[in-house]
Amino acid sequence: MGHDGTFRITVLLISKRIWVSILTSLGLALLYSMRTCLTMAIVKMTDSIDNNDTNTDYECKILNQSHHTGQYKWSQGLQSAILSAFFYGYTIFMIPGGIVADRIGGKKTVFYATLGSSIFTLITPLSVYINVYVLIIVRILEGILEAPFYQGMVVILKKWCADFEVTTYLVISISGAYLGTIISQPLTGYLSSFNIMHGWPLAFYVFGVLGLIWCILWYFLVTEYPQENQYVSEAEKKFINQFAVKPSIEQPIPWLKLLTYIPLYAICIGELGVSLYFYIILSEMPTYLANALGVKITTNGISNALPFIMLFISLNLFGFLTDYFAKVFSSKRIVRGIIMLLGSIMPMIFNFLIESAGCNSFLVVILISSSMVFLGGTYSQLGPNLVETFPMHTGVAFGIMNMASNVQGIVAPYFVELFTLHHIHDRMHWQHMFNTSSVILIACAILFTIFMRVTPPTWASVNNQRQKSSV
């Protein structure tokens, strides 16, 4: 058995389909770097906001808060509008992006999404110099152009991998998002420390140029179907042709059936809970560490990156384990349900332990990072479940799911504010917020587990589409 396992891993590593997945993952990492570098650069661009809160009745002492003078005197409200502008364009264009991916194919969709995002990232510094409202427009347009990437990624991957490999390859690709998050903030902070052009524009130029280089590699190395690719062996083409979802004649999207199908909403509800938790950690953890625990944020880049390092690792691990145990127990539905519930219950346990950690910021970061390990298990179920449920309408279905996910990018800051307004230094108010988000995560996971299915409905199955096409 050990020899058989070694052989399968060897075959996996030399296969071209895994390298398509890895290249897709790197593209997504660059997109997330381009998307999130502004969150760090804006700190250098603007004056630091002096907190005049007269309430000093908080448990953890605030240490070594730093202040600096930036080029731009943007208010806190204007900065929030700048940072949220991307998500307005990104969220609104999710469903149209899915339609585009289904119409023109995954390769073109991924290529144009990355090319457009790279160009708008390169011109971001110029837009800042012109006018802040030009910057907001550029960020909205960048969000619109980036929106179809996920859908295009799913559309092309389902053509390149066997049905029983979908989870493994898809989570490899999706994990690029967290890799980009890990890289962008510390690298942007480092580049911003240079005195060249005030430092902060360098990150936009670096990530923009890397995005253009990636586009060149994608254009010349990847094809829509493996059968068209000169670098794929005949044996691998035969394998993929035998086990992958077969292409069919284009069919109109059954909107009424799609939008009234309960398992689609189960996936969206699961995504709402998981993404709320994710965006709270992504956008608010630096503020939590600095204001509630007294950590000097400028010296704790690794603290902010560690949860996403753990998420990146666990996402790939849980993707592999899902495919493995689905074969062992012959029930993918049970495996998905167990991992989804485990991935939501464990973060709640770790969040409750944060209260006992007190002002020990090191222990708090370890507990949050541990919760993100299990959150990776939930992420590894939602996207692959959508692919297996909607094989013929993956792009538009993924657009609906991703729209639900990214709405939380807008909601998360207001959710945190609901608990911490006028109490930003109070650790217990933050604790109530973490506990509430954990309960929401579990509730959404339970609903997903109850109403999900792992096979397509009759109207969305490949065989049904073939029968219609042959009539």
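I took helix axes as lines fitted to C-alpha atoms over the stretch in contact, with angles running from 0 to 180 degrees between N-to-C directions. Helices themselves are DSSP runs (H or I, at least four residues), numbered from the N terminus. The model is predicted, and in it local features need pLDDT of at least 70 and side-chain atom pairs pLDDT 80 or more, while totals for chains, interfaces and linings use all residues. Residues are numbered from 1 along each chain as its sequence is written, and side-chain values use heavy atoms, without hydrogens or water.

**Entry 1: H5 and H11**

I looked up helix H5 (residues 106-122) against helix H11 (residues 201-221), and found that their axes come within 8 Å and cross at roughly 160°. H5 and H11 are therefore roughly antiparallel to each other (under 35 degrees counts as roughly parallel, over 145 as roughly antiparallel, 65 to 115 as roughly perpendicular, the rest as oblique). I noted a left-handed crossing of H5 and H11, meaning that the near helix is turned anticlockwise from the far one by less than a right angle. For contact I required heavy atoms within 4.5 Å. On the H5 side the contact includes Lys107, Phe111 and Leu122, and on the H11 side it includes Phe204, Trp214 and Tyr219. By class, I recorded 12 nonpolar, 5 polar and 1 charged residues in the contact of H5 with H11. Here Ala, Val, Leu, Ile, Met, Phe, Trp, Tyr, Cys and Pro count as nonpolar, Asp, Glu, Lys and Arg as charged, and the others, Gly among them, as polar.

**Entry 2: H2 and H11**

I then turned to helix H2 (residues 16-45), which packs with H11 at an angle of about 160°, the axes being 10 Å apart. H2 is therefore roughly antiparallel to H11. The crossing of H2 and H11 is left-handed. Among the contact residues I listed Leu23, Met34 and Ala41 of H2, with Ala203, Phe207 and Leu217 of H11. The contact of H2 with H11 has 15 nonpolar, 5 polar and no charged residues.

**Entry 3: H4 and H5**

Helix H4 (residues 94-104) packs with H5 at about 130°, with the axes 7 Å apart. That angle makes H4 oblique to H5. I found Val100, Ala101 and Ile104 of H4 meeting Gly106, Lys108 and Thr109 of H5. I classed the residues of this contact as 3 nonpolar, 2 polar and 1 charged.

**Entry 4: the largest cavity**

I searched for cavities (sets of points on a 1 Å grid over the protein atoms alone where a 1.4 Å probe fits but cannot get out, with lining residues having an atom within 4 Å of a point). The structure holds 3 cavities of 30 Å³ or more; a volume is the space filled by probe spheres set on the points, which are joined across faces, edges and corners. The largest cavity contains about 170 Å³ of space. I counted 16 lining residues for the largest cavity, with Tyr150, Tyr178, Glu271, Tyr379 and Asn402 nearest its centre. Two or more lining residues come from each of helix H10 (176-192), helix H14 (262-292), helix H17 (361-389) and helix H18 (394-420). H18 gives the largest share, 5 residues. The lining of the largest cavity has 11 nonpolar, 4 polar and 1 charged residues.

**Entry 5: the second largest cavity**

I recorded a volume of about 40 Å³ for the second largest cavity. Val154, Leu157, Lys158, Cys161, Val166, Leu170 and Val387 line the second largest cavity.

Note on methods. 1 Å grid on protein atoms, 1.4 Å probe; cavity = no way out; pocket = protein on both sides within 12 Å on 5 of 7 lines; lining within 4 Å.
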